[in-house]
Amino acid sequence: EARRVLNAFGLPLLPTVMARSADEAAALAAVFGYPVVAKLQARRLLHKSDVGAVQVGLATERAVRAAFRDLTAIAEQQGATDVAEGEGVVIQPMISGGVETMVGITEDPLFGPLVAFGLGGIHVEVLGDVRFRIAPLTDRDADELLRGIRGYKLLEGYRGHPPVDLAALRELLLRIARLAEEVPEIAELDLNPVIALPPGNGCRIVDARIRVGAPRQPLLA
């Protein structure tokens with residue numbers, strides 16, 4: 001459901017396909033091209049890596065099949081086997097390089113929807129390098145949101161690492177701000193990580209989570 005919402009707003013999602021068997025997982029890996037990532041998709045697993053539910057760098061069919069078996073066992077332990085609800089093992093192409101960022105929406109009781117941007121992956125929890133802006137965003141707001149994080153040097157290129165596609169990140173922030181306006185039922189949106197690639201290569205949303213709630217009511221004057 002989350003992916004359908006994000007696709008409707010033209011957001012750059014990394015291809016993610018559910019595998020219902022080890023044979024399907026191997027076939028998907030062959031289509032995507034090695035290496036691939038296998039992960040367990042489940043509503044109750046917000047931090048997949050904490051329980052070993054993400055396996056990266058799978059470079060052979062044998063590795064993919066073994067990962068499918070391991071993740072299926074974890075799914076049974078975690079009670080995450082409701083295929084009808086989109087739970088199970090998914091396969092993704094693996095992206096090398098780039099910088100992990102995060103983009104999100106949170107609802108402020110006074111100001112309404114806020115757009116968040118910061119360094120992604122584990123950096124969100126360890127460094128807390130996240131900034132917020134009130135939606136809607138202008139181009140200038142989006143640029144200031146990008147430049148406002150302490151880790152902006154990583155986006156510009158630092159010590160031999162190439163810069164990232166800032167234009168693609170700016171476009172993503174503007175689309176997310178539009179999403180926050182158009183779909184008031186979204187109480188919280190977390191895109192983490194969003195891999196920012198070198199200039200001209202865009203960015204890719206690897207994981208997405210949406211929490212819905214009652215549509216916000218406008219404040220009375």
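## Strand β8 and its partners

Strand β5 (residues 99-108) pairs with β8 in the antiparallel sense over 7 bridges; strands here are DSSP E runs of at least two residues, helices are H or I runs of at least four, and both are numbered from the N terminus. Two strands are said to pair if DSSP finds at least two bridges between them. Within this pairing, Gly104 stands opposite Asp190 in β8. A word on the source: this is a predicted model, in which local features need pLDDT of at least 70 and side-chain atom pairs count only at pLDDT 80 or more, while totals for chains, interfaces and linings use all residues. Residues are numbered from 1 along each chain as its sequence is written, and side-chain values use heavy atoms, with hydrogens and water left out.

β8 also pairs with strand β10 (residues 208-212), again antiparallel, over 5 bridges. Here Asp190 has Arg209 in β10 as its bridge partner. Because 8 of its 11 residues are buried, β8 is largely enclosed by the rest of the structure; buried means under 20% relative accessible area, exposed over 50%, and partly exposed in between (1.4 Å probe, protein chains only).

## The four-stranded sheet

Now to another sheet. This one is open and has 4 strands in the order β1-β4-β2-β3, with antiparallel pairing. Its edge strands, each pairing on one side only, are β1 (17-19) and β3. On average, neighbouring strands of this sheet are turned by 30 degrees against each other, direction ignored. Axes are lines fitted to C-alpha atoms, for helices over the stretch in contact, and angles run from 0 to 180 degrees between N-to-C directions.

Helix α2 packs on the sheet, touching β1, β2 and β4 (88-93), and its direction makes about 145 degrees with that of β1; contact means heavy atoms within 4.5 Å. Helix α3 (residues 61-78) lies across β1, β2, β3 and β4 and runs at about 15 degrees to β2. β2 and β3 run antiparallel and are joined by 3 bridges, with Lys39 facing Val54 of β3 as its bridge partner.

## A nonpolar patch

Val54 also belongs, with Val56 and Met94, to a nonpolar surface patch of about 230 Å². Patches are made of residues with over 30% relative accessible area and no salt bridge, joining like charges within 9 Å and nonpolar side chains (Val, Leu, Ile, Met, Phe, Trp, Tyr) within 5 Å. A salt bridge is a side-chain nitrogen of Lys or Arg within 4 Å of a carboxyl oxygen of Asp or Glu. Accessible areas come from the Shrake-Rupley method with a 1.4 Å probe, and for residues only the protein chains shown count as cover.

Val56 is found in strand β3 (residues 54-58) and counts as exposed because its relative accessibility is 52%.

## Helix α5 and its cover

In helix α5 (residues 139-147), the buried residues are Asp141, Ala142, Asp143, Leu145 and Leu146. Their cover includes β6 (112-119), β7 (130-134), α6 (152-156) and α7 (166-182).

## Two cis peptide bonds

Most peptide bonds are trans. Tyr34 and Pro35, however, are joined by a cis peptide bond with omega about -5 degrees. Pro35 sits in the loop between α2 (22-32) and β2 (36-41). The peptide bond from Asn192 to Pro193 is cis too, with omega near 0 degrees, and Pro193 lies in strand β8 (residues 186-196).
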